[in-house]
Amino acid sequence: MANQNTSTIIVTGGAGYIGSHTIIELLQQTDYTIVSIDNFSNSNTDTFDRIEAITGKRVKNLNVDICNLETLELAIASVKNPIGVIHFAAFKSVPQSVAEPLLYYQNNLGSLINILKICQKHHISNFIFSSSCSVYGNVEKLPVTEQTPFSVAESPYAQTKQMGEDIVSNYTKSAPSFKSVLLRYFNPVGAHTSGLNGEYPRGKPDNLVPYITQTAAGILQKLTVFGNDYDTRDGSCIRDYIHVSDIADAHVKAMNYLIDNKQSKQTSVFNLGTGNGVSVLEAVHSFEKVSQQKLNYEIGPRRAGDVINIYANNDFAKKELNWIPKYNLDEMMLSAWKWQLHLQEEK
Ligand code: UD1
């Protein structure tokens, strides 16, 4: 059992969407010191002000590129008693990964290898990797369990997650005192219920929910629904949307699980989804209902790299981590809208 008052958890990508929500939960639910590593390549420096506004605590951030091992080593030397790493930092756009695969392999795999080298050197033995349901590809049988075999990755992004899982598992096998958790996120959406922190994409968003809220706010002209001719109930793709604070809460539970040695295997894998499949059009209609905004959208062609239908069996995470996702789709959409309105007010 670690002494929370004297130990540090390192969060890479701490200024990012899931990273920042996880830091909030860690600060609120534990006494660990949290140190973030983020070079703001796809995030904003004021995220740490937002975290402070919510928690009353200031988090130290090391502004270095994790792909550069030399500067990473120098920065890590200042961290006192690191006992765990949660590795979020990665690029995450499916379409961008199709257009720029080398960037994705280099960034997502290079940073992972470097952070594992840091764990090895500093004897950090508790590691959580941000994986994704995209590792499953297009599957035959739904919902997917952690045992569902991987199909061909539909995008280079998805492939970096498949390869990333292998890298973590193989490293874990080689290091007797090292333990790891692979968290397969389904589609994290929504924002902190305070309305003070949320997704802050640089430039035009690729993900559905920020695209919806920015369209409703008049920043973007129109949402395109990518395809309505799939073999699904309304023809649009089906996903398992899950509130980002539920995802964040699972990280706190997973880190405690590792530190308290609750796991039966050196590497444990968990699906993080609600278990509900929701179509793109259903998501749009939920948004329209809770925001009372009519959304300007049209049906367009399919998007390259899209999986057709995927949702989780989350029984293992519920049982092993004692984790229960709290928020439903309407609450996810409402929190995302509240955050968008907050951003508008700030301007
Ligand atoms: C994918 C991964 C997910 C990962 C995320 C990171 C899969 C199944 N999921 O999410 O694990 O966390 O990347 O970015 O691979 N859509 C539109 N119009 C838009 C934007 C999106 O119709 O303008 C549709 C997409 O076609 C898709 C759904 O909305 O059906 C969700 O898309 P998006 O938010 O981009 O996430 P995924 O690609 O599903």
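Biologist: Does α7 pass α9 in a left-handed or a right-handed crossing?

Modeller: This is a predicted model: local features need pLDDT of at least 70, side-chain atom pairs count only at pLDDT 80 or more, and totals for chains, interfaces and linings use all residues. Residues are numbered from 1 along each chain as its sequence is written, and side-chain values use heavy atoms, leaving out hydrogens and water. A crossing is left-handed if the near helix is turned anticlockwise from the far one by less than a right angle, and right-handed if clockwise. For α7 passing α9, the crossing is right-handed.

Biologist: Is α7 parallel or oblique to α9?

Modeller: Helices are DSSP runs of H or I with at least four residues, and strands are E runs of at least two, numbered from the N terminus. Axes are lines fitted to C-alpha atoms over the stretch in contact, with angles from 0 to 180 degrees between N-to-C directions. Helix α7 (residues 208–216) and helix α9 (residues 280–291) have axes 11 Å apart and pack at about 40°. Under 35 degrees is roughly parallel, over 145 roughly antiparallel, 65 to 115 roughly perpendicular and the rest oblique, so α7 against α9 is oblique.

Biologist: How many nonpolar residues are in the contact of α7 with α9?

Modeller: Contact means heavy atoms within 4.5 Å. Leu 208, Ile 212, Thr 213 and Ala 216 of α7 meet Val 280, Ala 283, Val 284 and Phe 287 of α9. Ala, Val, Leu, Ile, Met, Phe, Trp, Tyr, Cys and Pro count as nonpolar, Asp, Glu, Lys and Arg as charged, and the others, Gly among them, as polar. By class there are no charged residues, one polar, and the nonpolar ones number seven.

Biologist: Does Ser 93 count as buried or exposed?

Modeller: Ser 93 sits in the loop between β4 and α4 (94–99). Buried means under 20% relative accessible area, exposed over 50%, and partly exposed in between (1.4 Å probe, protein chains only). At 9% relative accessibility, Ser 93 is therefore buried.

Biologist: Which side chain does a polar contact of 2.6 Å join to Ser 93?

Modeller: Leaving aside residues up to four places away in sequence, Ser 93 touches Tyr 104, Tyr 157 and Asp 206. A polar contact pairs N or O atoms within 3.5 Å; within protein, one must be able to donate a hydrogen and the other to accept it, and residues adjacent in sequence count only if both atoms are side-chain atoms. At 2.6 Å, the side-chain partner of Ser 93 is Asp 206.

Biologist: What is the omega of the peptide bond from Leu 142 to Pro 143?

Modeller: Pro 143 belongs to the loop between β5 (126–132) and α6 (156–174). The bond from Leu 142 to Pro 143 is cis, with omega near -5°.
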